[in-house]
Amino acid sequence: MTMMMENLENINPKLYKKVEDRQITAAEKDEDIVDAFDEREVFDIIRNINDPEHPLTLEELHVVEENLIKVNDAENTIDVKFTPTIPHCSMATIIGLTIRVQLLRALPPRFKVSVQITPGTHVSEESLNKQLADKERVAAALENSHIVEVINQCVSDLKY
């Protein structure tokens, strides 16, 4: 999605070095060995999501970080916190929805996924977290073709 420079909220975001790719072990490649989901695996699923405003990934902007992900494989829960680049980011809801959609598409359906804004990083944190936790609001948002188009652009492999 291309936006005019004057429409950007954060014209010059701070960039961070990408984490090295995970080294896949022989045991992880062995289909006969059951390995638990972990934080790094979830991070790898969401790290390359494109930011809705910039041709950068959520990892490069430190919107998502491995240490903000909690996985409890035994209880089938995944909690992801994300950090908007600015405290008044109007794209925070779209980013949260995109993270949720990407995880729901990539993970087995047994997982209960929670996506929230990192505490203290957004002026509307409480209301945005309520929206992201409300299944009916999320379902309604995903019925909006424009929102789904934006989400699909963010999760596509193409940089724009």
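**Chain layout.** I read the protein chain along its sequence and got the pattern α-α-β-β-α-β-α-α-α. That makes 6 helices and 3 strands; helices (H or I, at least four residues) and strands (E, at least two) are DSSP runs, numbered from the N terminus. I am working with a predicted model, where local features need pLDDT of at least 70, side-chain atom pairs count only at pLDDT 80 or more, and totals for chains, interfaces and linings use all residues. Residues are numbered from 1 along each chain as its sequence is written, and side-chain values use heavy atoms, with hydrogens and water left out.

Buried means under 20% relative accessible area, exposed over 50% and partly exposed in between, with a 1.4 Å probe and protein chains only. I then looked at contacts, meaning heavy atoms within 4.5 Å. Of those with a separation of 6 or more, 67% join residues 24 or more positions apart.

**Helix 6.** Which residues of helix 6 are buried? In this helix, residues 145–155, I listed I147, V150, I151, C154 and V155. They sit on the same side of helix 6 because they cover an arc of only 130° around the axis, the arc being that of the directions from the helix axis to the C-beta atoms. A reminder to myself: an α-helix has 3.6 residues a turn, so residues three or four places apart point the same way. The buried residues pack against helix 3 (92–106) and helix 5 (135–141). On the face turned away from the buried side I found the exposed residues S145 and H146. N144 caps the N-terminal end of helix 6, with a side-chain oxygen 2.8 Å from the backbone nitrogen of H146.

**V115.** I looked up V115 in strand 3 and found it buried, at a relative accessible area of 1%. Leaving aside neighbours within four places in sequence, V115 is in contact with V80, F82, G96, I99, R100 and L132. I also checked I78, which is 37 residues from V115 along the chain; their C-alpha atoms are separated by 8.4 Å.

**Largest pocket.** I worked on a 1 Å grid over the protein atoms alone: a pocket is an open set of points with protein on both sides within 12 Å along at least five of seven lines, a cavity is a set where a 1.4 Å probe fits but cannot get out, and lining residues have an atom within 4 Å of a point. The largest pocket is lined by 13 residues, with R100, K112, V113, A133 and K135 nearest its centre. Helix 3, strand 3 (112–117), helix 4 (125–133) and helix 5 each give two or more residues to this lining. Which element gives the most? I noted strand 3, with 4 residues.

**Largest cavity.** I noted D51, E53, T85, C89 and I95 as nearest the centre of the largest cavity, which is lined by 10 residues.

**Two positive phi values.** H62 is not a glycine, yet I found a positive phi of about 60° there. H62 is in the loop between helix 2 (39–46) and strand 1 (69–72), and counts as partly exposed at 26% relative accessibility. N76, also a residue other than glycine, has a positive phi near 60°. I placed N76 in the loop between strand 1 and strand 2 (77–82); at 24% relative accessibility, N76 counts as partly exposed.

How values were computed: Polar contact = N/O pair within 3.5 Å; in protein donor to acceptor, adjacent residues only side chain to side chain.
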